[in-house]
Amino acid sequence: MWAKESAPFKEIPVLDNGRIKPLDTYARNLLVQFSGKDTVDKKPAITWLATVFFNVDQTRADKIFLINNPDIAVALGIEASTHRRYSYNDIEKSVPKLVELAQAARNIQEKQRSIVENEIIRVLENLELYVDLSREFSFTQPAEDFNNSSFLDVALQSDDMARLMKDIEHVNEGQWSDKQREVMALLTSLFHWSLTYKNLLLTLIPQQGSGVWLSPWDTIGKDFKNEQTRQLLKQWQKMSVSFKKGAQLEFDMAARQYLELLYERLGKNEKKKVSRFSLELLYNTSRPFLLAKVFYILTFIFFCISFMSKARFWYSAAWAALLLGFIPHLLALIARIIIMARPPVSSLYETFIFVSFIGVLLGILIERINKQWIGIVTASISGAALLFIASKYSAEGDTLKVLVAVLDSNFWLSTHVTSITMGY
């Protein structure tokens, strides 16, 4: 296992839900979607995702699947956990029952489903996504079907093998040599694997000049003759091999080389979005809203202490704590505006963090005039309470989503929606 996170690996772009984002953001959102948290046993989400990609067996015991209703666990024959989180190993034997329950829930019209029925569907979809992610880079790993070589190793020789097969097109199968039988078996395995692993959801590789992004497996099927595509896939194989060896430097070098090759395939607009990745990664790691919440709570604590001590110190301390919470709150909103190139009011999550900011700002202005704790108390309570409410909506996954069609206008968003939100 790595001693630290891989910086270049975190920067790899992925197209997800209509937005090009760094792989680090995808990993965090995915883990929050699965478990409600963005770490696993204190491991960063990006490290966990790399393990799913390249050594999935090490993740099968991770308690990442959140099942909120204990009745679902009982129905699956799983011992209910007080932490409500289960591993793939816990659920694996119950998958047929889970599929049966989910199918029954899907047969009910969406508006008429209960919370439990929606929860069953969510758990199955998360489990299926986990399995699909574990197969994304199976082409880089040794397999018995290819005599312990990888799919990619054999595919790179497929042109030579096809030429060999031309010599036996008119030869009876019973007269094939051992070499010819081996080549035919390899070509057959290549064909079956390419059918098995197509249409996976993780779109990582842009098709040059088209704006279309494909999964590595679909890229193999549609663009494998392109030498640049082959080089990109080779870098994924180097990452896979070095990850299993625990060779951090080799892994980072392969990821960096992959980024350089990929950048050449990006369009002008795509490059512009990728250029903002460094800010998004800083936003991810700094956790500005958590920092703001801590200082807002501290502000309120100082206010409570002031009832027991009339010392002017507690008023000054509350002011300082409030400003120390306001600064990361403000910077986080600015970062989100830059990353998404729009005002941060397009979802319930963004609405709560923006209204929270306005509440704190008004509290600061009131206190500057009143100087009697009213503004400080108002700011600390509204700031902390609304950020806590916002965190409940962050559990849905990505909080930096592309706009729905009705809001897809910066003029509309910057004027009407922002004004209404400030009015709250």
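Select arginine 28 and aspartate 38 to begin, because their side chains meet in a salt bridge with 3.5 Å from N to O, where a salt bridge means a side-chain nitrogen of Lys or Arg within 4 Å of a carboxyl oxygen of Asp or Glu. Arginine 28 lies in helix 2 (residues 23-35) and aspartate 38 in the loop between helix 2 and strand 3 (39-40), so the pair ties together parts that are ten residues apart in sequence. Helices (H or I, at least four residues) and strands (E, at least two) are DSSP runs, numbered from the N terminus. Both arginine 28 and aspartate 38 are buried; buried means under 20% relative accessible area, exposed over 50%, and partly exposed in between (1.4 Å probe, protein chains only).

This is a predicted model, in which local features need pLDDT of at least 70 and side-chain atom pairs count only at pLDDT 80 or more, while totals for chains, interfaces and linings use all residues. Residues are numbered from 1 along each chain as its sequence is written, and side-chain values use heavy atoms, with hydrogens and water left out.

**The whole protein**

Now show the entire chain and colour by pLDDT, the predictor's confidence in each residue, from 0 to 100. The average is 88, and 89% of the residues score at least 70. The protein holds 20 helices and ten strands, and buried residues make up 50% of its 424 residues.

The whole structure contains 14 salt bridges. Select arginine 19 and glutamate 280, whose side chains form one of them at 2.9 Å, N to O. This pair links distant parts of the chain, with arginine 19 in strand 2 (residues 19-22) and glutamate 280 in helix 15 (residues 277-286), 261 residues apart. Arginine 19 and glutamate 280 are both buried.

Next, go to helix 7 (residues 115-135), where arginine 135 and aspartate 132 lie three residues apart, about one turn of the helix. Their closest N and O atoms are 3.5 Å apart in a salt bridge. Arginine 135 is partly exposed, with a relative accessible area of 24%, and aspartate 132 is partly exposed too, at 22%. Elsewhere, salt bridges that share partners join Asp24, Arg28, Asp38 and Arg287 into one network.

Select helix 10 (residues 178-196), which has 19 residues and reaches 27 Å from its first C-alpha to its last, close to the 27 Å expected at 1.5 Å a residue; the expected span is 1.5 Å times one less than the number of residues. Its buried residues include Gln180, Val183 and Trp193.

Helix 18 (residues 348-370) comes next on the tour, with 23 residues and a reach of 32 Å, close to the expected 33 Å. Just after helix 18, lysine 371 takes a positive phi of about 55 degrees. Tryptophan 373, in the loop between helix 18 and helix 19 (374-394), has a positive phi of about 75 degrees although it is not a glycine. Tryptophan 373 counts as buried because its relative accessibility is 17%.

**A last stop on the surface**

Finally, select Ile327, Leu330, Leu331, Ile334 and Ile338, which form a nonpolar patch on the surface with about 420 Å² of accessible area together. Such patches are made of residues with over 30% relative accessible area and no salt bridge, with like charges joined within 9 Å and nonpolar side chains (Val, Leu, Ile, Met, Phe, Trp, Tyr) within 5 Å. Accessible areas come from the Shrake-Rupley method with a 1.4 Å probe, and for residues only the protein chains shown count as cover. Leucine 331 lies in helix 17 (residues 312-340) and counts as exposed at 52% relative accessibility.
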